[in-house]
Amino acid sequence: MTDNKTVIKWLDEVKALVTPDNVVWIDGSEEQLEAIRKEAVESGEMIKLNEEKLPGCYLHRTRPHDVARVEDRTFICSKTKENAGPTNNWCDPKEMYDRLYNIARGSYKGRTMYIIPFSMGPIGSPLAKVGIEVTDSKYVVLNMAIMTRIGQKVLDQLGNDENAEFIKCLHAKKDVNPDDRYIVQFPQDNTIWSINSAYGGNVLLGKKCFALRIASYLGKNQGWMAEHMLILGLENPQGEVKYICAAFPSACGKTNLAMLIPPEYLKNQGYKVWTVGDDISWLNIGPDGRLYAIN
């Protein structure tokens with residue numbers, strides 16, 4: 001929970017729009033997450049896999065039409081079309097807000113509104129950013145817990161400063177209707193809306209939506225960069241550590257390279273390789289003039 005008036009005001013507005021039956025704050029505890037996993041299995045939303053072969057693993061199925069790469073339904077709603085860039089879909093922010101409000105209105109009826117405070121990067125790091133995602137999906141809660149730092153400690157870091165920066169993320173699974181599906185970024189409002197999807201990067205709003213699209217705008221204004229780059233750690237037998245930050249477009253092996261395992265003959269010599277990040281990097285020039293990157 002938080003006493004931050006800006007956060008509370010926004011959440012009250014969201015609650016009045018989507019009208020949930022229940023509201024649950026995600027505190028980040030394993031006890032709460034395990035209870036949500038149990039609920040998801042009991043409802044059939046997830047299937048627990050073989051505990052001996054795949055301990056702690058679950059299967060969650062999406063619908064055939066609800067997958068990644070819904071580029072025609074992804075929008076950057078900046079005040080001017082030019083600011084959205086030449087490769088993105090653009091819509092006037094007011095027009096898009098009106099459209100989304102009409103779709104989202106009452107969409108949580110009979111459902112629980114989960115509030116997920118999350119940090120992109122280590123909590124308290126000068127390079128990290130805070131977001132709050134509201135969702136009606138247990139899948140989103142459980143995956144945001146894997147992919148980001150979540151819970152009360154994030155709200156504690158945000159504090160009660162009404163001007164503190166955070167990204168407002170609203171996801172409504174609704175009825176997963178592809179005709180009313182939208183993944184929309186409002187960079188000048190620090191706001192993301194995702195409606196009528198229940199899949200991956202469309203709904204885990206810390207990922208592409210925040211870490212790449214909104215962060216690109218933040219970086220432009222604040223003097224850093226958000227890029228489609230992996231971060232790989234390397235150590236030689238003498239203990240010298242180097243990091244590689246490398247840019248690759250989608251679907252060309254970026255994650256495979258980031259998860260590289262050294263060949264046995266090099267491992268036996270003492271070489272080590274590890275994944276720092278497999279997809280998106282935030283790059284800053286530090287006070288010492290060196291380049292720093294976090295996933």
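**Stop 1: a hairpin**

Select β10 and strand β11 (residues 191-195): they run antiparallel and are joined by five bridges. Strands here are DSSP E runs of at least two residues and helices are H or I runs of at least four, numbered from the N terminus; two strands pair if DSSP finds at least two bridges between them. This is a predicted model, where local features need pLDDT of at least 70 and side-chain atom pairs count only at pLDDT 80 or more, while totals for chains, interfaces and linings use all residues. Residues are numbered from 1 along each chain as its sequence is written, and side-chain values use heavy atoms, with hydrogens and water left out.

Click Gln185 and you'll find its bridge partner in β11, Ile192. Four residues sit between the two strands, and Asn190 takes a positive phi near 55 degrees.

Now, is β10 (residues 182-186) buried or exposed? Five of its five residues are buried, so the strand is largely enclosed by the rest of the structure. Buried means under 20% relative accessible area, exposed over 50%, and partly exposed in between, with a 1.4 Å probe and protein chains only. Tyr182, Val184 and Phe186 lie on one side, with Ile183 and Gln185 on the other.

Thr74 has Ile183 as its bridge partner in β10.

**Stop 2: the largest pocket**

Show the largest pocket, with a volume of about 970 Å³. A pocket is an open set of points on a 1 Å grid over the protein atoms alone, where a 1.4 Å probe fits, with protein on both sides within 12 Å along at least five of seven lines; lining residues have an atom within 4 Å of a point. The volume is the space filled by probe spheres set on the points.

Of the 36 lining residues, select Glu71, Asn88, Lys208, Leu212 and Arg213, the closest to the pocket's centre. Then colour α7 (206-222), which gives the largest share of the lining, seven residues.

**Stop 3: an open sheet**

Keep α7 on screen: this helix lies across β12 and β16, at about 145 degrees to β12. Angles run from 0 to 180 degrees between N-to-C directions, using axes fitted to C-alpha atoms. The three strands of this open sheet come in the order β12-β16-β17, with antiparallel pairing. Which strands stand at the edges? They are β12 (225-227) and β17 (291-294), each with a single partner strand, so one side of each has no neighbour in the sheet. Finish on Met225, whose bridge partner in β16 is Leu283.

Key:
Contact means heavy atoms within 4.5 Å.
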